[in-house]
Amino acid sequence: MTVALIVLPLAFALAIAVLPLDRRLASAAGLLGTLAEVVLAAVALVRFDVGAGMQFVTDDRWIPDFGLAPVRFHVGMDGLGLFMVALTAVGVAAALGASLLAGRDRPRAHVALLLLLESAMVLLFTAQDLVLFYVGWEVMMVALFVLMGVWGGTGRRAATLRFVIYSLLGSLSMLVAIAYIGVRYHTFEVGQVHSGVVWLFLAFAAAFCIKAPMFPLHGWLPAAYRESSIEVTALLSGVVSKAGAYGLLRFCLPMFPGPAHDWRWLFLGLGLAGLLYGSLVAFRQPDARGVVAYSSFAQMNLIIIGIFALNVNGATGAIFQMVNHGVVSLAAFLLIGVLELRVGTSLFRHLGGLANGRPIASTVFLIAALWALAVPGSSLFVSEIYILIGAFQQNEWLGAAAALGIVLAAMYMLRWYSAIAHENDGDSVPASMPDLHLRELAIALPLIAILFVMTAWPYGVMKRITVTTSAAPRVIFVIGSDSR
C-alpha cells in the first residue's frame, strides 16, 4: 500500500512528461492520477489497524553499505504518517483542480511537477530511513523551486531565490548530520538512533524549523506566499509546512530526547514569539493572501509549542492541528484564488460586497473563516484546546500567553471575512460577478466536507494519533512530564 502511494503519482508524472499529450489529455491524466491517490489514501485510512504500530511496511536493502551502514528502502505508516499522506493526497488533488481552473501555461510540465511533488512528499512522510527521507525532502524542494520560479508572479525570481537560500541552509545542515550518524552509529534507521549530541539535534531542527517555519526563520515566507501561483501557495501552507513539524515529531524528539528536553524552552519561546507576532502582523495585512499567510505562520508556531510541550496532550493537539490547519489553509488559499481569477487581485481595497447576491460564495468563505478562528465545537477548537492543555502542563504562563495568540486569531479572521464579504469601500466586487460555479465548488466542498467530518467525529482521527504520540516518542514525554 505504501509503495503504491509513492509510485502512483510518480508514474503519472513521468507519463505526462514524456508522452506527447495535448493540454486536455495532460490535465485529465493529472486529475485521474491525483484522484486515484485520494482513493488509495482513503483505503489506507479504512484498513489502518489502530494500535498495531507501523503498518503497510516495505523494508528491503536499497544501497550497499560501503563499510558503514546500508541504506534501506524502508517505508511504512503509523497514525502520524497516515494522516500526513492523506492530507498530501487531498491537497494536491485540490491544488491541481485550482490550476486547471486558472489555465496555467505549459500544462504538461505544470501537472507533472505537481505529481512529482506529491510522490516526494508521500515518500518523506513514510520513510523510516534517514537517507530515504532526505531523498524525498530534496525532490520536494526541486519541484517547489521550479513551480515557484516558472509559474509565479512578477517578483517570483527574488522570492524563489530567497526560498532556495533558506532551504539549502537547512538541507545542508541535515545532510551533514545524516552523514555523521551513518559514520558514528552505523545505521540510518530512524528507530535505531538515540543520541545526546546537541549539534546533531540542532542540525535537524534547523532544517525542519525553516520549513515549518518557526520564528525567526520565516524570512522566505512573505514573498513566497505572495509570488507563488495560488495552488503552490496553498500547498506551501497546507502541506509543505507540515513536513517541518512532522520532522520534529518523527526525528528530533525520538532520536535526540536529551537535547530536545534541554533546549525545549528555546523552541517554546520562539514558538510563542512567532504565534503572537504572526497574529499581530496578520491583522495589519492589506490583502487576503497576506492575512492567511501570516495566519499560517502563527498556527505553525502554535504547533511547535504543542510539540515542545513534551507531553502527550501537546503532541496530540499538535498533530491534530497539523491536519486541521492543513485542510483549512488549503480551502482559504484556493478560495482566494477564485477571487483573484475573477477580480484580478486580493487587495482588500479592491474587494468587498461578496455577500451581496452571492449566498454560496459568502457561506463557503464564512465556513473557512469560522474554522480558521477555531469557533467552539469545530475540529480546530479541539486541537487547539489540546495544545493549550499541553502548554499549561509545561508552564502556566506559557499556556496563558498561547491562549492570547489564539484569541488574536479571531480578530484577524473576522477582519478577513468582513473585508471580503461586507465592506464596500473603494473598488468592490462587481455586482455582476456570478456566484461560485460547480467547478469551483468541486474544489472547495470536499475540503469543507472533511472539516465537518472531523468536527462531527474528532475521535476518529485522535484515537490514531494518540497511539502514535504515546508509543513512538514516549521517552520524550516521560522526561517532559518532570520538566516543571
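Predicted model: local features only at pLDDT ≥ 70, side-chain atom pairs only at ≥ 80, totals over all residues.
Contact, in my notes, means heavy atoms within 4.5 Å.

**Entry 1: Glu384**

I started with Glu384, which is found in helix α15. Skipping its neighbours within four places in sequence, I found Glu384 in contact with Gln299, Leu302, Gln321, Ala374 and Ile406. What about a charged partner: which side chain of opposite charge is nearest to Glu384? That turned out to be Lys242, 12 Å away. Glu384 is buried and has no salt bridge.

**Entry 2: salt bridges**

Next I searched the whole structure and got seven salt bridges. I wrote down three of them.

- Arg72 pairs with Asp59, with the closest N and O atoms 2.7 Å apart. Arg72 sits in strand β2 and Asp59 in strand β1, so this pair ties together parts 13 residues apart in sequence. Arg72 is partly exposed at 22% relative accessible area, and Asp59 is partly exposed at 34%.
- Asp287 meets Arg226, also in a salt bridge, at 2.7 Å from N to O. Asp287 is in the loop between α11 and α12 and Arg226 is in helix α8, so the pair ties together parts 61 residues apart in sequence. Asp287 is buried at 4%, whereas Arg226 is partly exposed at 32%.
- Arg342 and Glu440 form a salt bridge at 2.7 Å, N to O. This one links distant parts of the chain, helix α13 and helix α17, with the two residues 98 apart. Arg342 is partly exposed at 24%, but Glu440 is buried at 12%.

**Entry 3: cysteines**

How many disulfides does the structure hold? I counted zero. Cys209 is buried at 1% relative accessibility, and Cys252 is buried at 0%.

**Entry 4: helix α11**

I checked the length of α11, residues 264-283. At 1.5 Å a residue its 20 residues should span 28 Å, and the end C-alpha atoms are 29 Å apart, which agrees. Its buried residues include Phe267, Leu268, Leu272 and Val281. Among the elements covering the buried residues of α11 are α7, α12 and α16.

**Entry 5: the core**

Last, I looked at the largest nonpolar core, which has 177 residues. Met140, Phe204 and Trp416 touch the most other members. Helix α13 gives the largest share of this core, 17 residues. I followed up Met140: leaving out residues up to four places away in sequence, Met140 touches Leu117, Ala120, Met121, Leu124 and Val240.

Terms used:
Residues numbered from 1 in each chain as written. Heavy atoms only, no water. Helix = DSSP H or I, 4+ residues; strand = E, 2+ residues; numbered from the N terminus. Expected span 1.5 Å × (residues − 1). Buried < 20%, exposed > 50% of the residue type's maximum accessible area, 1.4 Å probe, protein only. Core = buried A, V, L, I, M, F, W, Y, C linked by side-chain atoms within 4.5 Å. Disulfide = S-S within 2.5 Å. Lys, Arg positive; Asp, Glu negative; His and termini not counted. Salt bridge = Lys/Arg side-chain N within 4 Å of Asp/Glu carboxyl O.
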